[in-house]
Amino acid sequence: MTWYYRVFLIILICLKISISNAWAQFTLTNFNNYYSYINCIISNEKILQVNNIQFTSIIIETNEKINEEIKVEIFTENGKPLFLISKFFDNENNREYKYSTGLHSFNKTLNGIKINFGNFEGQVKISFIYSPKHNLSKDLKLYKFNNPCDKPLMISYNEWRKGLPDPKPPREKTKVEHLVIHHSAGSNSDTDYINTVRNIYLLHTQSNGWDDIGYNFLIAPDGTIFNGRDPIGAGDDDEILGAHFCSKNQNTMGICIMGNYMNQKPTDEALFSLKYLLAWKLKKAKIDANGKTLHPKSTGSLLENICGHRNGCSTSCPGDSLYSELNKIRSEAARIADSCGLILDVYNFKLTPKIFLFPNPSDGKVYFNTANIEANSELQIFDISAKLIKNIKLQSQSVTELNMPKGLYFYKVLTNMSVFESDFFIIK
Ligand SMILES: [Zn+2]
């Protein structure tokens, strides 16, 4: 190989390295002391470096669904790089972008970041949150447990919010019928939970522009419960309208399990606190843990009283692993509530006449108008000796015609909810 050919080859290699390492172009927007962000398009330049910035958490968001991991390199004060591998998941809380890495909080203030986007191409938004450090007052322990029938002990907003901007009034009260479970979709490696809650609060208030943190309660992996939304004098914290259920927040209470539970199971400690918090609320609001109620109230469809975010909104929240625990959570919360003396009304919602029988008495033909009945409900007809003589699957939105011999009959309607309506009718 001739010398000039070698030089040419070396130049070519250097050129290739410099192309693959080129910095992506971006503009950093400083919204305020707590929140700054970058909107940029990642194409040929895969590495983005930001210096001279102060932040305690980061979230990267996009509308391009990618499965591969991105490598995030973070510079700390002592120059030691910290690696964080992150994947994109369904974003939480109706943000502008559909997918995100979740909010990753750090135990200390960081001042630089280098992100390697690998094969990723497309538009991203990188949000930086800065929460000034707050240490829990000395007399407060994080996780505490009291009488299982009382309201669980929790860290109040007055404590965790110290030094941060106040939430904005006014507050609205709501009659809670649904207890909605979320995950924060954030990192599972955060260990300074009070710091994580502060960062979530700042994300919701500064970046989302909400009046307060969206959830009524948050539960850390060590079982610590945090008060969420501040009632600001409007009532109890569990009855305050939140921002967590795709604009259908009326009659709901939101509980967020901190962390990402798509592939990882929640800790026993977090589940323990969740069950006792649910049981307390079931008893207080007389909610049937295994029941369903219309949501939105009166116009919506039946929704489990204890449900996941995904049951009412287009999201994978609270993650596959936490979602698969919901049946167990429901029955255990019900058991605790029962043992604490929960007495439910016979049924949790009013039996409005859904079936309409006419004429009554009749000369032979009788009609059942089932316009308001759920599909696959059953109509059972009994004679005077209580013998079942007909069992008919009802079609919703229709009128069912029956020809009956003379006599007195009873009918019963069984819906998916096992709620029945019964009455009698006479064929003359
Ligand atoms: Zn959610």
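Why is the disulfide of Cys246 and Cys313 left-handed? I looked up the torsion about its S-S bond, which is about -85°, so the disulfide is left-handed.

**Entry 1: ground rules**

I am working with a predicted model, where local features need pLDDT of at least 70, side-chain atom pairs count only at pLDDT 80 or more, and totals for chains, interfaces and linings use all residues. Residues are numbered from 1 along each chain as its sequence is written, and side-chain values use heavy atoms, with hydrogens and water left out.

**Entry 2: disulfides**

I searched the whole structure for disulfides and found two. A disulfide here is a pair of cysteine sulfur atoms within 2.5 Å.

I took Cys246 and Cys313 to begin with; their sulfurs are 2.0 Å apart. This pair links distant parts of the chain, 67 residues apart. Cys246 sits in the loop between strand 12 (225-227) and strand 13 (252-257), and Cys313 in the loop between strand 16 (306-308) and helix 5 (320-323). Helices (H or I, at least four residues) and strands (E, at least two) are DSSP runs, numbered from the N terminus.

I then checked accessibility, where buried means under 20% relative accessible area, exposed over 50%, and partly exposed in between (1.4 Å probe, protein chains only). Cys246 has 23% and is partly exposed, whereas Cys313 has 11% and is buried.

I turned to Cys149 and Cys340, whose sulfur atoms are 2.0 Å apart in a disulfide. The pair joins distant parts of the chain, 191 residues apart. I found Cys149 in the loop between strand 9 (122-129) and helix 2 (157-160), and Cys340 in the loop between helix 6 (326-339) and strand 17 (356-358). The torsion about the S-S bond of Cys149 and Cys340 is about -80°, so this disulfide is left-handed. Cys149 is partly exposed at 29% relative accessibility, while Cys340 is buried at 14%.

Counting bonded cysteines along the chain, I noted the pattern 1-4, 2-3.

**Entry 3: two further cysteines**

Cys307 is buried, with a relative accessible area of 0%. I also checked Cys317, which is buried at 1%.

In what order do the strands of the open sheet of five strands stand? I read the order as 12-11-13-10-16, with mixed pairing. Strand 12 and strand 16 are at the edges with a single partner strand each, so one side of each has no neighbour in the sheet. On average, neighbouring strands of this sheet are turned by 25° against each other, direction ignored. Such angles are taken between axes, lines fitted to C-alpha atoms (for helices over the stretch in contact), and run from 0 to 180 degrees between N-to-C directions.

Two strands pair if DSSP finds at least two bridges between them. I found three bridges joining strand 10 (residues 178-183) to strand 16, and these strands run parallel. Ile181 has Gly308 in strand 16 as its bridge partner.

**Entry 4: Glu61**

I located Glu61 in strand 3 (residues 47-62). Is Glu61 buried or exposed? Glu61 is buried, with a relative accessible area of 1%. Its side chain makes a polar contact with the side chain of Asn91 at 2.7 Å. A polar contact is a pair of N or O atoms within 3.5 Å; within protein, one must be able to donate a hydrogen and the other to accept it, and residues adjacent in sequence count only if both atoms are side-chain atoms.
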